[in-house]
Amino acid sequence: MGLYLNPGNEAFRKIRSGVYIDKTDLIDYINQTIPTTSNLTSFSRPRRFGKSFAAKMLCAYYDKSCDSRALFQGLKICRMDSYEEYLNKFDVIYLDITRFISTTTSLNEIVRNVQMSVIEELREAYPLCVREKEEVLANALFAISHKTGNKFIVIIDEWDALFREAKDDMTIQKEYVQLLRGLFKGGPSTDETIAVAYMTGILPIKKYGTESALTDFQEFTMTRPAKLAKYVGFTEAEVKKLCKKYHMDFEDMQTWYDGYSFNRIQHVYSPNSVMQAIRNEEFQNYWTASETYESLKKYIEMDFDGLKDAVVSMLGGEAVRVKISTFQNDMTSFHSKDDVLTLLIHLGYLAYDSKTHKAAIPNLEVADAFGDAVSGKGWAYVATAIQDSDNLLEATMKGDCEKVATALEKTHESVASVLEYNNEASLSAAVILAYYTARRYYEIVHELPTGKGFADLSFLPRRNTDSPAMIVELKYDKDADTAIKQIKEKRYDGKLKEYFGNLIMVGINYDKGTKKHTCLIEQA
């Protein structure tokens with residue numbers, strides 16, 4: 001048992017002892033690839049989404065230096081046909097690239113250090129196979145496989161860390177890519193040496209032009225997770241089970257950490273945040289302990305046409321169209337707002353809908369991060385609107401129509417260059433931005449079916465709050481009284497019926513000629 005060759009199962013044992021969700025059926029997927037030409041898998045997703053947990057699980061399952069049967073007892077993989085066939089049957093090479101970065105004095109030495117560290121352990125395990133002066137890892141592995149018939153499982157955690165740390169050093173990046181190509185280039189040598197390769201990181205595999213740097217890998221990403229979608233994070237069923245077990249409110253969990261959606265799985269939760277909430281018995285923003293604020297701020301301040309417009313629209317609850325195909329899968333090759341937004345999707349700051357090709361802010365936790373990130377240079381007008389949103393909500397609760405109208409005008413003037421009103425949809429985005437902090441107390445629903453029609457904006461109180469429900473009807477070049485009458489005529493009951501007697505009706509009109517807002521507030 002070593003640091004890199006056959007690291008054992010202790011890491012997975014520790015994972016099992018905490019808050020745990022069974023994702024071991026991922027092992028069965030990897031097992032199915034072993035006898036095929038699709039045995040090289042790259043599965044990228046954001047920080048805090050369980051990448052290292054999965055890598056350590058795979059190590060524990062395949063590593064032949066230990067007996068992991070008891071660790072997997074009762075888990076999903078035990079019921080799979082492939083379980084016994086590959087359990088603890090391979091030499092495993094486990095590389096955590098962040099570990100090499102943190103323990104080296106120069107990034108220029110990383111690639112050599114990776115190779116020499118693994119070769120040293122291979123030489124100890126197979127002294128008759130590895131030459132004393134061997135410095136090429138691919139050659140050492142091939143020599144062992146050729147002489148013994150043994151194949152290797154190669155698991156690389158945080159594979160893209162070097163691209164992130166040496167993001168401007170193309171020499172280091174190309175040297176690293178050459179190392180990976182040497183290991184996984186395909187052909188007889190790779191077929192004889194590698195049973196499975198599994199890489200995980202934040203970014204998809206680097207592109208050079210339109211081509212992937214490692215063309216033989218099957219890629220699964222935040223924009224195309226395909227059949228691995230249920231392993232991106234926690235599913236709704238898994239979160240409900242955790243909430244029941246640990247006596248946590250599911251609706252609050254959903255509000256804070258849900259929001260990622262894929263074709264196969266409609267609700268995916270941020271795993272680390274869910275576990276932190278359970279451990280601390282408190283719902284809050286658990287991204288604040290990371291580099292969230294500075295990194296998000298850096299990217300949304302980039303000078304690309306339309307980027308600021310897109311961010312403000314998303315702050316206002318809108319989804320924006322994103323062209324993901326031009327992104328080069330790195331943190332430097334940005335040529336448009338779409339490249340920046342695509343990076344934010346891979347970093348987990350945005351959720352992406354592959355059917356509509358649109359991105360949006362996924363949940364309350366990430367909305368908090370955006371709220372913090374727009375507090376600096378270039379975002380004063382948005383920051384002011386967010387800071388004033390608590391006062392706007394208070395004025396609405398008090399029925400202060402004049403103060404509400406004035407606050408909305410202030411927000412509109414602040415963001416007019418981005419959210420210039422030309423229809424009720426633009427007005428809706430500005431209103432949601434003006435009520436930004438209301439997300440903490442309300443679920444804000446567009447076009448909620450109620451009675452004989454649809455409410456433009458419905459503010460549904462979250463659990464554990466005594467806030468009244470709100471219906472906001474928006475009008476454009478009409479009047480606020482018409483908006484209130486429409487609420488009454490359409491009998492907005494349905495889901496809102498339970499709030500009658502504790503329901504506020506808000507009519508808002510924007511007059512394009514005078515550029516004035518009018519507001520009327522009544523209790524239902």
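Guide: We will take the pocket, then the cavities, then some helix pairs. This is a predicted model: local features need pLDDT of at least 70, side-chain atom pairs count only at pLDDT 80 or more, and totals for chains, interfaces and linings use all residues. Residues are numbered from 1 along each chain as its sequence is written, and side-chain values use heavy atoms, with hydrogens and water left out.

Visitor: How much space lies in the largest pocket?

Guide: About 1,400 Å³. A pocket is an open set of points on a 1 Å grid over the protein atoms alone, with protein on both sides within 12 Å along at least five of seven lines. Grid points are joined across faces, edges and corners, and a volume is the space filled by probe spheres set on the points.

Visitor: Which residues are closest to its centre?

Guide: Gly 259, Ile 361, Pro 362, Glu 443 and Ile 444. They belong to a lining of 48 residues. A lining residue has an atom within 4 Å of a point.

Visitor: Which element gives the most to that lining?

Guide: Strand 13, with 5 residues. Other elements that give two or more include helix 13 (250-257) and helix 18 (364-373). Helices (H or I, at least four residues) and strands (E, at least two) are DSSP runs, numbered from the N terminus.

Visitor: And the lining by class?

Guide: It has 21 nonpolar, 14 polar and 13 charged residues. Ala, Val, Leu, Ile, Met, Phe, Trp, Tyr, Cys and Pro count as nonpolar, Asp, Glu, Lys and Arg as charged, and the others, Gly among them, as polar.

Visitor: Now cavities. How many does the structure hold?

Guide: There are 3 of 30 Å³ or more. In a cavity, a 1.4 Å probe fits but cannot get out. The largest cavity holds about 240 Å³.

Visitor: What lines the largest cavity?

Guide: It has 18 lining residues, and Ile 21, Lys 23, Gly 50, Phe 53 and Ala 54 lie nearest the centre. Helix 3 gives the most, 3 residues. The lining divides into 14 nonpolar, 2 polar and 2 charged.

Visitor: What about the second largest cavity, how is its lining split by class?

Guide: The lining has 8 nonpolar, no polar and no charged residues. Helix 10 (residues 170-184) supplies the largest share, 4 residues. The volume of this second largest cavity is about 40 Å³.

Visitor: Switching to helices. How do helix 7 and helix 8 cross?

Guide: At roughly 20 degrees, and their axes come within 9 Å. That makes helix 7 roughly parallel to helix 8. Axes are lines fitted to C-alpha atoms, for helices over the stretch in contact, and angles run from 0 to 180 degrees between N-to-C directions. Under 35 degrees counts as roughly parallel, over 145 as roughly antiparallel, 65 to 115 as roughly perpendicular and the rest as oblique.

Visitor: Which residues meet there?

Guide: In helix 7, Gln 115, Val 118, Ile 119 and Leu 122; in helix 8, Leu 137, Ala 140, Leu 141 and Ile 144. By class, this contact (heavy atoms within 4.5 Å) has 7 nonpolar, 1 polar and no charged residues.

Visitor: At what angle do helix 19 and helix 21 pack?

Guide: About 160 degrees, with their axes 9 Å apart. Helix 19 and helix 21 are therefore roughly antiparallel.

Visitor: And helix 16 with helix 17?

Guide: They pack at about 40 degrees, with axes 9 Å apart. So helix 16 and helix 17 are oblique to each other.
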